[in-house]
Amino acid sequence: MAKNRKNQAAAIRFGPALKASFLCLLIGGSAIGYVWQKSEIGRLGQQILEREKHLTQTQNENKRLGDQIAILHSPVMLDRRAKELNLGLVPAQPLQVVRIMEAVPVLEKKGSRQFAQRLVTRLTP
Amino acid sequence: MTNKQQIRRALFLLALLLLVFAGLGAWLVNLQVLRHEELSAKAEQNTQREFWQAPRRGDILDANGNVLATSVLVKRICADPSLVGNQSAVAARVLAPLLQLNEAELAQKLTPRVTVKKNQYGRPVTNELKYVRLAARVPEETWQRVVATMTNLTFGVDEKHLTRTNRAFFRNLRQSAIFAEPDQMRVYPNGALASQVIGFPSVEESNISGHLLSQITGRDGIELAMDKQLDGVVGWRVTETDRAQRELVALRDEDVHARDGLSVVLTIDSAVQHIVEVALADALQKHTPRSITGIVMRPKTGEILAMASLPNYDPNQPNTITPETRNRVITDVFEPGSTFKIVVVSGALNSGTVKLNDEFNCEHGHFAFAGKILHDHDSQGILKTWEIIEHSSNIGAAKIGIKLGEQGLYDYAWNYGFGRKTGIPLPGEARGFLYPVKQWSKVSIAQIPMGHGVAVTRLQILFAMAAIANHGWLMRPMLVSRLQARDGGVVQRYLPERVRQVIGEKADVDIIEALKTVPTKNGTAPDAAMKNYVVAGKTGTAQKAEGGVYVSGKFVSSFIGFFPADNPELCISVVMDEPKEGYYGGKICGPVFRDIAERCASYLNIPPDAKLMTNNPSALIVENAARKL
């Protein structure tokens, strides 16, 4: 009995110690992982929120600038600017307009087409 | 002995514990089962937040995509007076110039107040005021300046030496006391251009599930007529927030984006509209009428390119909107005068009652009929049908009307669309008056052909003329070309619609030949003639009736015409109400017509009539060899 006790005291039981350590690490790691994951979810959520805000702002800015371009291009604005800058611009008179007439396409002979002839089979619809 | 006592004590303790656990169990059952609905709703109310998102109202665009009306996102500046505390004067001093408000009034708004309200049991409950509105429709840039100003605000105290509570008070005052809510504002970049067609809106607050949401609602014009299409669908988000009221995205439950309203693309061309408005403004200055209207449309499709009525208003400035600035093109009716002769003459030509060269005795300006004397402005003897149009003879038109017959005249007038709405998609259109034959007096058959005894809108008479320009086919007025989503995708396209053929091709060619004589040297509107285009048209000068009596010196003058006469591209109407300098339609409205027509022809690149072109450059012919088939 005494011998056994002596032997037991002398022997280092790594297995249970490792198991215990592993279990502790697992539980601790899981807990830390869970907390980290939660904080990541929160952090990414805030990032999503910021990006959503940024997207909305950019879309609004895009709309505003688009409207500004449209206003600057509007005939009323162009007319006003032309008058302000005293450019002497006037509408073109009919005689000043050169009209380009497109020639009527000439139909060529049927035989001169360069398309490959398709074989006529019974399956052809 | 000891054991017994110990056992007794243990049993007592056990019983006590059981009782406690039973009590706890009962309490849990009460909370989790019996009051589950109530408490879960309360818990949700405490944690969940609903955010409502107003949709952006659709734009109104012209035919070329130019913006006529758009919605701009702005801010509504609000405050929580309970966070301002005794610093309302300081906050008001810095905010008043930014928000362009009176400093004293602003300080009053920012001062904390307690309101007393009765709760559901009728007991008075005191509540600290936590929400006041300071300014509406504030641009984003101004809001950013407000934020910067509040962040850098100092109150003349060394905050490092303050207690934690006082430090929190100043922090909250800077960060949370002033806040902004999203809002939108309707903007009309071109000001008064086509204002009566576009209309104007009002901002209304609607209560959606207890949330106040400001919405823009149309009040007139396209804004009202297409309100449903322009209006979008409200979006919402059900989510949870942390203590600092920041949203916890991971706990977002419902997220439905607002659907923006559709953009309405009109047939109006803002360049043509501008041309018309400038010409009308010049004429308004020159002839000082009570009002002047102008319309430009394509007779082949019924598309309205411009519609203007002066005086008009700027929808950006609601205080300029008065009853005088209404859209008279569709709301006002008037006796058309000689322009109505196109109805009787074209009808008579179509029915074969008269021919273009048939002759009528115009009685040298005096014709007694049914106890009344009809007059012409010039003494005319024998006139052919086309000359009746050329000289605008009332007696000649009356005689043609008598020949056509009452029912025939009524039928043609009805088929041209008089006495009923044209169907233009604008609110407030008048029907005009075209009485049924049984209500006619004996003289009606002679008066109606010269444009008396009927009341028409400016749009009706224009579309009657346009029917003549379009081979006798009456078209439905087209003002909306299509509906499109914000990305430009077409949701709905509106196509030209034929209403009916009023007169046949032969009669149409004849009446056009007659109308071509009006803007000539011998006609009533030589000033309406264009340099490079053949014009067909008709003048009108109608004495105004007030209280059933014709008033001397008050006229409605008009000219309605189209060009090129043989292949009409545009039909234009100019009508002046009570012009002061001159009153003959051909004299005062003819030049305005020509001015508009020439500028529009140049802008729209309408090919001139070859026979009128002097020094005509031969057209270039580009041969495209690659297109040979």
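Tutor: We shall take the chains, helices and sheets in turn. This is a predicted model: local features need pLDDT of at least 70, side-chain atom pairs count only at pLDDT 80 or more, and totals for chains, interfaces and linings use all residues. Residues are numbered from 1 along each chain as its sequence is written, while chains are lettered from A and ligands numbered from 1 in the order in which they are written.

Student: Which elements does chain A have, and in what order do they run?
Tutor: Chain A has 3 helices and 1 strand, and from the N terminus on they run α-α-α-β. Here helices (H or I, at least four residues) and strands (E, at least two) are DSSP runs, numbered from the N terminus.

Student: How much of chain A is buried?
Tutor: Of its 125 residues, 3% count as buried. A residue is buried if 20 or more other C-beta atoms lie within 10 Å of its own, exposed if 12 or fewer, and partly exposed in between, with C-beta atoms placed from the backbone.

Student: And in chain B, how many residues of helix α15 are buried?
Tutor: In α15(B) (residues 394–404), 9 of the 11 residues are buried, so the helix is largely enclosed by the rest of the structure. Among them are B:Asn394, B:Lys399 and B:Leu404. The helix is followed by B:Gly405, whose phi is positive, near 95°.

Student: Which residues of helix α4 in chain B are buried?
Tutor: In α4(B) (residues 88–99) they are B:Ala91, B:Ala92 and B:Leu95. Seen down the helix axis, these fall within an arc of 95°, so they line one face of the helix; the arc is that of the directions from the helix axis to the C-beta atoms. They pack against α3, α5 and α6 of chain B.

Student: New topic: at what angle do α13 and α18 of chain B pack?
Tutor: Helix α13(B) (residues 341–351) and helix α18(B) (residues 458–469) pack at about 35°, with their axes 10 Å apart. Axes are lines fitted to C-alpha atoms, for helices over the stretch in contact, and angles run from 0 to 180 degrees between N-to-C directions.

Student: Which residues make that contact?
Tutor: B:Ile342, B:Val343 and B:Ser346 contribute from α13(B), and B:Ala464, B:Met465 and B:Ile468 from α18(B). Two residues are in contact if their C-beta atoms, placed from the backbone, lie within 7 Å.

Student: What about sheets; which strands form the one with 5 strands?
Tutor: This open sheet of chain B has the order β15-β14-β28-β27-β26, with antiparallel pairing. Two strands pair if DSSP finds at least two bridges between them. At the edges stand β15(B) and β26(B), each with a single partner strand, so one side of each is left without a neighbour in the sheet.

Student: How many bridges join β26 to β27 in chain B?
Tutor: There are 10 bridges between these antiparallel strands, and B:Thr541 has B:Ser557 in β27(B) as its bridge partner.

Student: Which helix lies across β14, β15 and β28 of chain B?
Tutor: That is α11(B) (residues 270–287), which runs at about 25° to β15(B). Helix α18(B) also packs on the sheet, touching β14, β27 and β28 of chain B.

Student: Last one: what do β10 and β11 of chain B form?
Tutor: They form a hairpin with 5 residues between them, and B:Gln245 in the turn has a positive phi of about 65°. The two strands run antiparallel and are joined by 2 bridges, with B:Thr241 opposite B:Glu247.
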